[in-house]
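This report looks at how chains meet in a multi-chain model and how copies of a chain are related.

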Protein chains: 4
Amino acid sequence: MDRRSDKRERIIDAAIAVFAENGFQASRVSDVAKRAGVADGTIYLYFRNKEDLLLSVFEQKMDMLLVGLEQALSGVDDPREQIRAFARFHLGQVRDNREAAEVLQVELRQSNKFLKEYRPEKLWAYLAVFARIVRDGQARGLFLPDVDPFVAMWSFFGAMDELAVQWVLARKAPRFPLEHAADQIAGMFVRGMSVGAPGGPDASVQSINLSEGT
Amino acid sequence: MDRRSDKRERIIDAAIAVFAENGFQASRVSDVAKRAGVADGTIYLYFRNKEDLLLSVFEQKMDMLLVGLEQALSGVDDPREQIRAFARFHLGQVRDNREAAEVLQVELRQSNKFLKEYRPEKLWAYLAVFARIVRDGQARGLFLPDVDPFVAMWSFFGAMDELAVQWVLARKAPRFPLEHAADQIAGMFVRGMSVGAPGGPDASVQSINLSEGT
Amino acid sequence: MDRRSDKRERIIDAAIAVFAENGFQASRVSDVAKRAGVADGTIYLYFRNKEDLLLSVFEQKMDMLLVGLEQALSGVDDPREQIRAFARFHLGQVRDNREAAEVLQVELRQSNKFLKEYRPEKLWAYLAVFARIVRDGQARGLFLPDVDPFVAMWSFFGAMDELAVQWVLARKAPRFPLEHAADQIAGMFVRGMSVGAPGGPDASVQSINLSEGT
Amino acid sequence: MDRRSDKRERIIDAAIAVFAENGFQASRVSDVAKRAGVADGTIYLYFRNKEDLLLSVFEQKMDMLLVGLEQALSGVDDPREQIRAFARFHLGQVRDNREAAEVLQVELRQSNKFLKEYRPEKLWAYLAVFARIVRDGQARGLFLPDVDPFVAMWSFFGAMDELAVQWVLARKAPRFPLEHAADQIAGMFVRGMSVGAPGGPDASVQSINLSEGT
DNA sequence: AATGAATGAGAGTTCATTCAT
DNA sequence: GATGAATGAACTCTCATTCAT
């Protein structure tokens, strides 16, 4: 099992590199095998098929993300700070693991199965952390009770993901600093959810905030 | 030219329907042709290849979006209201053109060319409207000067896009109301950018805004 | 009919140029039409199909060759001189009409119909001139009676044709002088057919050459 | 490697049969595969594409020709006899391997790549044997020094080739005996190159032949 | 006569996956 | 477990030809 997991790991690493370089569709299983130093058929001893290999990359990286996120948030108590830490952690991972990020951000979307059939429960678990922070902040009276944690969670992820995609796609142009994006996004959502925030003229959602001043 | 553009339109409409039903990869050009009521070869009189057909769907729909957006924003003066109108318009379009949205949200992302080579200038023009609103609001003293319009623009789009994807992908589950998501997202960003917003404990970005009023 | 033949001519000329540049198979009828300045469909008012167009090029050029050959041989009486004049004329045409030669030498062979079904009667007429010269020489006692005019005719044509192909194919390399080849070939066949020629040690064919010796 | 080369051979043999029957263009790769008893895709494990398969037929047959030619000439010393043996061998091969000859004589010529890009080095090696014989004969004083071995070589090949084509193409008509053609061609070239041959009246090339006459 | 938009048949090739060794 | 040769299904695209105008 030691050798087994070793070979499995090598195949996943090879897949990340190959998929990041050519894209999922354009990558050949035989290229992954060659890069991993195994025979084509060996891939199928560890993965059901090509798509399963891609999903396994996803699962493995999400496991790492989940563990890393817990560490990044441990010791941070204030929900507003947790949001900032979340954004910094997530985009820091994108920056530090560009190939893996490229596969997750871009290539994963090329899998029909991923988009239409697969239930990315590990992504949900990852984002559930954000929803929990929101509810926590609401319970503490820091965040507006009208904020829908479900919508906020996907919005936050969508914002980070889109910036990550733009950063990854900026192949040759000088990439903008992801830390800056992380702080901007975190600031936006923290202010956007915080009690005491001013709304627009007819900000019905924030009806509660009318009496609040600066 | 009348007949030409007529036929081109029919092919694009057929492509949207077929791609939405089967997915881009699984769709055969001959199916699109059959649905459009033309011969296979005719497709290639109007589009370079299958992928060009997909990208043309994108271009055509973005043209419609741009025109619609201008209308939706015309007569709205307050930047905060403009953001709300933007969100409602965008997600309203997703709701009212589910097939097209499915193609743009899901299938388009599976095109390597789109992701890696194509420069979606019409999308940039669309989003530039948001950046302009942000700058306008900053000029009027309504929005925090520290907000980066570039990051805000992509965050806003990412948030809406992610919600749209989740809505489109919720094939069988009861879809949540997109109007609700639109208002939530708009409120989040309006509050998140507005002067007078409270920040977190060490909200360095907004430190400047303490003395700013509406 | 004046305009007709004018347009027909323009199409044939365009076909020669296009076929010489791209090869017959790779040439598109629409390219010939474009070069001739007519619509695609117009081609089919003058030629049954693409292959008929190629064969028409052949026929037209063979007509010109036949006329030219008669002129080149007129006034030449000695069969040995006629052979020399034939070779010079033929390879001179190749040199002076490289595009047409290229089509005849190379592209024509890409037509299955030409090779397998078409009976190139004009080529036979052209070569019959050579056979006639041979028989004339034999009647005059200049050429060996054992020489088979049929074999000699095709050998002569094959030799010239092969040299022409090599000259045409030598696209970039400095082409060798065709006049030299013409004289060499003519000399070879004249000597090879002439009475009094020495044969090999057991030259059974030339049993007549009693005086042969090394 | 045994099995590999075995399968490669089977595919080439199948290709010869199929190409000879239907012509190269009209033959389907799947037909070759079926005849060889392999799957379509297997063809592409041994050959880059359909055209490469055709060129490989050429290479393989040329290898066989080269070996056979050496054998046919071994033990023959007199250059005049060698030329006769060459012609007999070559046309004997055409007669004994009609299908292969048909492919080489007719179908190969329809390949643009063969005609315009491919450098048929094996053909050159084959013909170089002829040029060597000529030079040998000249060195021995048997052949006229004015004969250009390059032109003679291509002329000889062109003559044999043309006769072979005519023989192959005479699908229904009773084929003429190739042995007769071989002897005729050999006799023609031997006499045409031999010292002591009579020339035409102004046979400048043969200035050496002072004693010409009947 | 001339046009050129429309037709639609047709096959080479790739590559994920299997399975005998 | 590991191999890698063999499989074979699947589909885009081209372009000669037609025919309504």
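## Basis of the model

A salt bridge here is a side-chain nitrogen of Lys or Arg within 4 Å of a carboxyl oxygen of Asp or Glu. The model is predicted, with local features needing pLDDT of at least 70 and side-chain atom pairs counting only at pLDDT 80 or more, while totals for chains, interfaces and linings use all residues. Residues are numbered from 1 along each chain as its sequence is written, chains are lettered from A in the order in which they are written, and side-chain values use heavy atoms, with hydrogens and water left out.

## Interface of chains A and B

By the contact criterion (heavy atoms within 4.5 Å), 61 residues of chain A touch 59 residues of chain B. The area buried between chain A and chain B, that is, the accessible area (1.4 Å probe) lost on putting two parts together and summed over both, is about 4,700 Å², with carbon and sulfur atoms giving 59% of this area. Across this interface the rule finds zero salt bridges.

The side of chain A that touches chain B draws two or more residues from each of α1 (2-22), α5 (79-96), α7 (112-117), α9 (149-169) and α10 (178-193) of chain A, helices being DSSP runs (H or I, at least four residues) numbered from the N terminus. The largest share, 13 residues, comes from α9(A).

## Relation of chains C and D

Chain D is superposed on chain C by a rotation of 180 degrees with 0.1 Å of shift along its axis, at an RMSD of 0.3 Å, using least squares on the C-alpha atoms of residues with pLDDT of at least 70 in both copies. This is the relation of a two-fold axis. The same surface serves both copies, since 95% of the contact residues of chain D recur in chain C.
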